Amino acid sequence: VMKEALKNLNLNIVEMTEENATLDGGDVLFTGREFFVGLSKRTNQRGAEILADAFKDYAVSTVPVLEGLHLKSFCSMGGPGLIVIGSSEPAQKTLKIMQQMSDHRYDKLTVPDDLAANCIYMNLPSKGPVLLHSTAQEFPESAKVFEKLKDYMLIPVSNKEKRKVDGALTCCSVLINKKANI
C-alpha cells in the first residue's frame, strides 16, 4: 500500500534487494543537509551504503547506536538545523560523534528523557512551525523544555500505547514535502 501511495506521488522508489542489507527507518536521521544513519540491531553498514548510493547529493555518515532500539530512540530533528537529543550518556556520546562528522553546525535542544527526544517537526503553510512531541503526562520535565520553543505550535501527542511495542512518534509517520494531486 505504501509503495503504491509513493508511486502515485511520482516519487522515486529505491528497493533494497540485497539479502544481507538492513536499514530501519528509525535509524535514519535526515537533517535537510545530510543523513546520519545509526548502526544498530536493525541497521547495518551495507544498508547505510545503499542509502548513500540512493542519495548521492547528500553526505551520509554512520554513527553507532550504543543503547536503545535505534537512533531516533534518543534524537530527531526539531526544526531546520535543530537536533532534539536525550540527556543520557549514550545519547550525548552519539551527538558528539555526529557533530565531529558533520561540516554543518546544528543547534541542539536537550530533553531529560531520551524517548521524549523523538518528535515530529512540520512546517505547515497555514500554521508555520509545528512540533508534535510527547505529552507532559508521559515526560513532564521534557515537556517543559519543549515549551521554550516559543515560535512553534506545540502539539502534545500521547505515545503511551506505541511505546509498549518499542514504537515512537516517528514510527507512525511518513512526511512528504510534496503537494498531492488528490
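The model is a predicted one, and I read every value here as computed from it.

Next I took the partner of Glu49. Arg46 forms a salt bridge with Glu49, with the closest N and O atoms 3.1 Å apart. Both residues sit in helix H2, three residues apart, about one turn of the helix. Arg46 has 29% relative accessibility and therefore counts as partly exposed, since that class lies between the buried limit of 20% and the exposed limit of 50%.

I then went to helix H3 for another pair. Lys93 and Glu89 form a salt bridge there, and their closest N and O atoms are 3.2 Å apart. The two are four residues apart in helix H3, so about one helical turn separates them. Is Glu89 exposed or buried? I noted 56% relative accessibility for Glu89, which counts as exposed. Lys93 has a relative accessible area of 43% and is partly exposed.

How many salt bridges does the structure hold? I noted seven. One of them is formed by Asp24 and Arg42, with the closest N and O atoms 3.5 Å apart. This pair links distant parts of the chain, 18 residues apart. Asp24 lies in the loop between helix H1 (2-8) and strand S1 (28-30), and Arg42 lies in the loop between strand S2 (34-39) and helix H2 (45-54). I checked the cover on both ends. Asp24 has a relative accessible area of 19% and is buried, because the limit for buried is under 20%. Arg42, with a relative accessible area of 42%, is partly exposed.

I turned to the strands. Strand S5 (residues 82-86) pairs with strand S6 (residues 107-111) in the parallel sense, over five bridges. Which residue in S6 is the bridge partner of Ile85? I found Thr110. From S5 the chain crosses through helix H3 (residues 89-101) to S6, and this β-α-β crossover is right-handed. Helix H3 is also where I had found the pair Lys93 and Glu89.

I then looked up an open sheet of three strands, in the order S7-S8-S9 and with mixed pairing. Strand S7 (120-124) and strand S9 (153-157) stand at the edges with a single partner strand each, so one side of each has no neighbour in the sheet. From one strand to the next the twist averages 25°. Strand S8 (residues 128-134) and S9 pair in the parallel sense over five bridges. Within this sheet, Val130 stands opposite Met153 in S9.

My last entry is on the surface. Which residues form a nonpolar patch there? I listed Met2, Leu11, Val174 and Ile176, with about 320 Å² of accessible area together. Val174 is placed in the segment after helix H5 (160-163). I noted 52% relative accessibility for Val174, so Val174 counts as exposed, given that exposed means over 50%.

Key:
Residues numbered from 1 in each chain as written. Predicted model: local features only at pLDDT ≥ 70, side-chain atom pairs only at ≥ 80, totals over all residues. Heavy atoms only, no water. Pairing = 2+ DSSP bridges. Axes fitted to C-alpha atoms, helices over the stretch in contact; angles between N-to-C directions. Patch = residues over 30% accessible without salt bridge, like charges linked within 9 Å, V, L, I, M, F, W, Y side chains within 5 Å. Areas by Shrake-Rupley, 256 points an atom, 1.4 Å probe, with all protein chains shown as cover. Salt bridge = Lys/Arg side-chain N within 4 Å of Asp/Glu carboxyl O. Buried < 20%, exposed > 50% of the residue type's maximum accessible area, 1.4 Å probe, protein only. Right-handed = clockwise from strand over helix to strand, strands pointing away.
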